[in-house]
Amino acid sequence: MEEPEEPETPEPRRHFLVRTASAAGSRTGKVVHGTGRRIRRATAAEGAGESGLAKLIELHALNSFGDMLITVALASTIFFSVPTAEARGRVALYLLITMAPFALLAPVVGPLLDRLPHGRRAAMATAMLARAVLAWTMAGVIAGGGIALYPEALGVLVASKAYGVVRSVVVPRLLPSRLSLVKANSRVTLAGLLATGVAAAVGGLLHLLGPGWPLRGAFLVFVIGTLMAFHLPPAVDSAKGEQRAVLHAEVHGEGSHLIPHRPPPVKASLRTVGPSVILALRAMSAMKWLVGFLVMFLAFLLREEPIGGLRPTAALGLVALAAGTGNALGSVLGSWLRTRGPEATVTAMLLLATCVTAAAALWYGVVTVVLVAGTAGTAASLGKLALDALIQRDVPEAVRTSAFARSETLMQLSWVAGGAVGILLPLNGKLGLSIAAGVVGVVLLWTLRSLFRVGLRRHPAAPRVA
């Protein structure tokens, strides 16, 4: 007996399906192409395409994308996969094993890279390649969450720091004539934030396939980044006119000046970059401390005691969204710094962060917690751009790159210090936020005192150079 033949798809229907699929593919291709073209147009605006800044913006977006994929993988293993008490221990161990050596290594990174001015593209490519190798290695051990994961995470952190230092000193080399340094840094930072948001979603989807898949995705991203680093303009490797900033205490008061001879070696500090820069560094250290504290403290607090009747994941997601929005808002507002006193801006941001943190301590609830997360993000982002403006204004080009490198280390270590306090404190919202408000409040008073002494300067105070 013969098998009945399956009915064939009618020819008109087959042609219709082919045409529909072809049209859908064509529309998707046009959307992707159009989106890519708009992104390229935005990054290349105001001379950024001609100067090469656009390529750095794209590289930084890729760097932020890869870093977030690694963060998603580590957070899912160290934080979300275990009970709160065990998670606090794991994160504390992570900070101890990774940050303690980093605190010793970080001050060496800037001076070391200062000695490699003609190899900045190679340094950025090496930082990308190192993270690619480490991400691939971590993908094989992350499922167990063992102690072997932490030295590799330290390597990722040091490589990321090295990239950040080089990126900070490269921006002035690629600055278009139509852009201020503040606006250029704002554009680079905003690109990184947008990429981070996309990477968080992509990392979550990859994690559904397995804990190692976000790391494999990071491997691919950093390999591409390694190749892109070598396509930066040759001006990146130019050190013409650069000198190293001597960051030591000024023996003749709080001013600074250029001297024609090499000064004798003295104890290092940050005094000779100028009093306004010191003011901003102090205020930014407090804001970075606050951000680090809020990240660690609220992460565990909201997981243990959600607010507003929300589920823990919903509460954490809401706070993370507020912080990300605040960061983006600060970057967008950064262009205003061209017409406003940076000293007043960074002080105002610290005042705002202090007031909102104190309000959250007094009226602890879902609205105030979301508000403090968003405010801290805005204050830290806009304050960092104000610090960049002061370094641009008060530090001569000859030593500006060196000053940028050293300020980055201080910001990172301040974040770590805040995070450590956030882990150690009891999970009590009012208590924790009260302590945070007290810490930043003390620094605020110190900053206000310095602001009255410094005033709103219009003429730069040149630091000592060597």
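In residues 245-271 the pLDDT falls below 50. Even so, the model gives this stretch 58 contacts beyond near neighbours in sequence. Residues 458-466 also stay under 50. For them the model has 38 contacts beyond four places in sequence. The structure is a predicted model. Its chain averages a pLDDT of 74, and 66% of the residues score at least 70.

The secondary structure consists of 14 helices and zero strands. From the N terminus on, the order of elements is therefore α-α-α-α-α-α-α-α-α-α-α-α-α-α. Of the 466 residues in the chain, 51% are buried. The chain exposes about 21,900 Å². Carbon and sulfur atoms supply 67% of that area. Among contacts with a separation of 6 or more, 84% join residues 24 or more positions apart.

One residue illustrates such a contact. Gly383 lies in helix 12, which spans residues 366-394. Gly383 counts as buried because its relative accessibility is 0%, and the cut-off for buried is under 20%. Beyond its neighbours within four places in sequence, Gly383 is in contact with Met284, Met287, Val346, Met349 and Thr378. Gly383 and Met284 are 99 residues apart in sequence. In space, their C-alpha atoms are 6.3 Å apart.

Key
Residues are numbered from 1 along each chain as its sequence is written. This is a predicted model: local features need pLDDT of at least 70, side-chain atom pairs count only at pLDDT 80 or more; totals for chains, interfaces and linings use all residues. Side-chain values use heavy atoms; hydrogens and water are left out. Helices (H or I, at least four residues) and strands (E, at least two) are DSSP runs, numbered from the N terminus. Buried means under 20% relative accessible area, exposed over 50%, partly exposed in between (1.4 Å probe, protein chains only). Contact means heavy atoms within 4.5 Å. Accessible areas come from the Shrake-Rupley method with a 1.4 Å probe; for residues, only the protein chains shown count as cover. pLDDT is the predictor's confidence in each residue, from 0 to 100.
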